[in-house]
Each structure stands twice: as structure tokens, then as C-alpha cells.
Amino acid sequence: MNVSERKEVTRNRRALWLSVLALLAAACGAYLFLTRESQPGDANAAADVAAMRSAGNNESSADVKEHQENKKGGAAGRRVARSSGESVVPPPGNAQEVIAQLRAQAEAGDARAALLIHLKLYECANQQDVSMIEQTAEAIERAGASGSQYIADQQRIRKDCENSASLLSEQGKWLERAADGGDTVAQRLYALNSRAFFKSAAEMLADPAAVDRYKRKAQGYMSTLVEKGDADAMMWYVGAYEGGVMVPKDAVRAYAYYRLIEMSAPGTTSKELMDNKTKSLSAEKIAEGDALAAKLYSTCCRN
């Protein structure tokens with residue numbers, strides 16, 4: 001290998017490494033955001049603190065949050081953009097016992113049982129350390145809620161997850177099985193949680209083909225949900241095209257998907273955020289985005 005070839009290999013490795021780091025950061029922040037809606041009361045504040053510490057908690061996450069807070073009904077005569085308001089939380093109880101009870105159903109094709117196994121394993125794999133629990137409890141107390149209840153919940157999780165280490169490697173298997181089985185909550189989580197499949201940047205670097213497969217499959221799930229008028233999936237594409245991790249960065253497409261949400265359910269998007277997305281686009285690019293939004297709308301949301 002000559003000097004020129006060595007330099008090219010070095011450049012390629014550097015580019016792959018940066019891509020891997022971005023994917024890990026984005027997945028962490030997005031997954032924390034989605035799962036916070038499934039946590040009652042005080043746990044939401046805890047998730048907020050964790051999300052602020054995540055490298056993935058960027059402008060795209062803020063867009064999603066504002067969108068979630070502003071969901072309203074659409075105009076008459078339209079198939080309104082929608083999202084799953086369903087809350088799915090990890091089953092209570094000892095992790096080994098819970099998984100033993102659900103395994104047969106999941107292996108027989110019950111997608112929701114497979115998702116519940118994944119959520120229980122995810123909970124066990126992502127326990128907070130003592131110092132973080134204490135900091136989060138203090139933040140909850142300052143917000144006027146019960147920090148002691150949060151600590152009790154975390155202690156329960158620790159007890160539930162004793163002796164579960166040998167099962168944690170199955171997180172990705174059960175999430176993928178649930179998503180393949182048609183569970184739409186699982187499909188969203190699949191697209192947000194690369195860490196269920198790749199434990200580290202080193203794993204991603206070692207198998208770029210697997211990373212590409214994960215990205216393609218995540219896009220497939222979310223595209224199908226968009227075609228069904230799912231607003232959360234539309235917002236996923238906004239963030240994906242802005243971030244340039246799951247798909248190539250494309251400001252026009254990011255705008256088009258945000259515009260699609262507004263077309264499908266008027267009043268659910270923020271004028272301020274819409275203005276922010278158009279300020280860097282020329283009139284020609286905005287027209288291009290509007291045309292793409294109209295095309296997507298005719299597929300997903302027009303009666």
C-alpha cells in the first residue's frame with residue numbers, strides 16, 4: 001500500500017468513526033425523549049434531566065417536544081395525522097420471572113409480548129448509578145414533586161433486575177421481533193434505539209454492513225408509518241434529515257416533512273419553528289419542499 005492509499009484509508013476510517021459517534025448520540029437522545037412519555041408523574045422529570053445530559057438532546061428533540069405539546073385535531077374532511085398515544089411501560093416484577101412468563105408468547109409471534117421483554121431488558125441495562133439517582137431526586141424535589149418516590153422506584157428497578165445480566169444481550173432481538181411483528185410502538189423504538197443493537201462505537205466500526213442494514217430497516221418502518229399518517233414518524237424524518245445521521249442531510253426534505261405535518265393536522269406545528277426551517281432556504285427550495293410535502297400528503301393523508 002503506497003502513501004496515497006494509506007491516506008485514503010485513514011480518511012475513510014475517520015469519516016466512519018464520526019458517523020458512528022453521531023448515530024450513538026442521536027439514538028440516545030431520541031430514545032430518552034420517546035420513552036419519557038411512557039413514564040408517569042415524577043419519572044418524567046427524571047427523564048428530562050437524563051435527556052439534558054445526552055449529546056443527542058439537540059434542536060431536533062426540541063422540535064419533537066413542541067410538536068407533542070401542540071397536537072390538535074385537523075380540519076374536517078382530512079385523514080388527520082396522528083400518533084400512538086399509547087403508553088407502554090416495562091412490566092413490574094423480577095426480570096427473569098417476567099421474561100420467562102412472556103417468552104413463549106413472544107416466540108409464538110406475539111409482537112407486544114416481545115416488546116415488553118425488550119422494555120424490561122432495556123430498563124435493566126440502563127439503570128442509573130447512585131450519584132445520578134440522588135441528583136435526579138434533588139431536581140425532582142426542586143420541581144415540587146417527590147424525590148423520595150423516585151428513589152424508591154429506582155431501588156425497585158435494581159431489585160427487579162438482579163441476576164439479569166445474562167439476558168441483556170437479547171434486547172435487540174426482542175425489539176426487532178416486535179417491530180417485524182407489526183407493533184408500531186416497537187417500530188418507532190427500533191428507529192430510535194441503535195444501542196439495542198450496537199453496544200459501542202467499536203461494534204459499529206467493526207460491522208458497517210450491519211449499521212447500513214439497521215438504517216435501511218429503520219427507514220422502512222418509519223416510511224410505512226408516514227404512509228399511514230403517523231405524525232411522530234413524520235417528525236422523525238424532520239430530525240433525521242436535519243441531523244444527517246440516519247439519512248443524508250437535506251434541509252429541503254426536513255422542511256417538507258414538517259410542512260406535511262402542518263398540512264395533515266393544521267395547528268399542530270409552531271410558526272416559529274416553521275420560520276426557522278425556511279430561513280436558510282431560497283424561494284426555489286421552499287417551493288421544492290412544498291411540492292414534496294404535497295406529494296407525500298396525497299399518499300398518506302388525503303381521503
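1. Helix α11 has a clear buried side in this predicted model. The buried residues of α11 are V211, Y214, K215, A218, Y221, M222, L225 and V226, and because they cover an arc of only 140 degrees around the axis, they sit on the same side of α11. The face turned away from that buried side carries A209 and R216, both of which are exposed.

2. After α11 comes G229, a residue with a positive phi, near 85 degrees.

3. Which residues of α8 and α11 meet each other? On the α8 side they are E176, A179 and D180, and on the α11 side they are R213, K217 and Y221. Of these, Y221 also belongs to the buried residues of α11. Two packed helices are described by the angle between their axes and the distance between the axes. For α8 and α11 the angle is about 35 degrees and the axes are 12 Å apart, and the crossing is left-handed.

4. Helix α8 covers residues 171-180, and Q171 has its place in this helix. Is Q171 buried or exposed? Its relative accessible area is 5%, and because buried means under 20%, Q171 counts as buried. Leaving aside residues up to four places away in sequence, Q171 touches H118, L121, Y122, A125, N126 and A196.

5. Helix α13, which spans residues 251-264, includes A251. Of the 14 residues of α13, 10 are buried, so the helix is largely enclosed by the rest of the structure. The buried residues are V252, A254, Y255, A256, Y257, Y258, L260, I261, M263 and S264. The end C-alpha atoms of α13 are 20 Å apart, which agrees with the 20 Å that its 14 residues should span at 1.5 Å a residue.

6. A251 itself is partly exposed, with a relative accessibility of 43%. In sequence, A251 and L281 are 30 residues apart, while in space their C-alpha atoms are separated by 7.8 Å.

7. L273, M274, K277 and T278 are buried, and seen down the axis of α14 they fall within an arc of 135 degrees, so they line one face of the helix. On the other side of α14, K271 and E272 are exposed.

8. Two residues of helix α7 may be considered together. Y150 has its place in α7, which covers residues 147-160, and K159 is also in α7. Y150 counts as buried at 4% relative accessibility, whereas K159 counts as exposed at 58%. K159 and G93 are 66 residues apart in sequence, and their C-alpha atoms are 8.9 Å apart in space.

9. V88 lies in the loop between α3 (59-69) and α4 (95-107). Although it is in a loop, V88 is buried, with a relative accessible area of 8%. The C-alpha atoms of V88 and A186 are 9.8 Å apart, and the two residues are 98 places apart in sequence.

10. For the protein as a whole, there are 15 helices and zero strands. Of its 303 residues, 45% are buried. When contacts between residues at least 6 apart in sequence are considered, 73% of them join residues at least 24 apart.

11. Some caution is needed about confidence in the model. The mean pLDDT of the protein is 77, and 72% of its residues reach 70 or more. Over residues 1-83, however, pLDDT stays under 50, and for this stretch the model has 142 contacts beyond four places in sequence.

How values were computed. Residues numbered from 1 in each chain as written. Predicted model: local features only at pLDDT ≥ 70, side-chain atom pairs only at ≥ 80, totals over all residues. Heavy atoms only, no water. pLDDT = per-residue confidence, 0-100. Contact = heavy atoms within 4.5 Å. Buried < 20%, exposed > 50% of the residue type's maximum accessible area, 1.4 Å probe, protein only. Helix = DSSP H or I, 4+ residues; strand = E, 2+ residues; numbered from the N terminus. Arc of directions from axis to C-beta. Axes fitted to C-alpha atoms, helices over the stretch in contact; angles between N-to-C directions. Left-handed = near helix turned anticlockwise from the far one by under 90°. Expected span 1.5 Å × (residues − 1).
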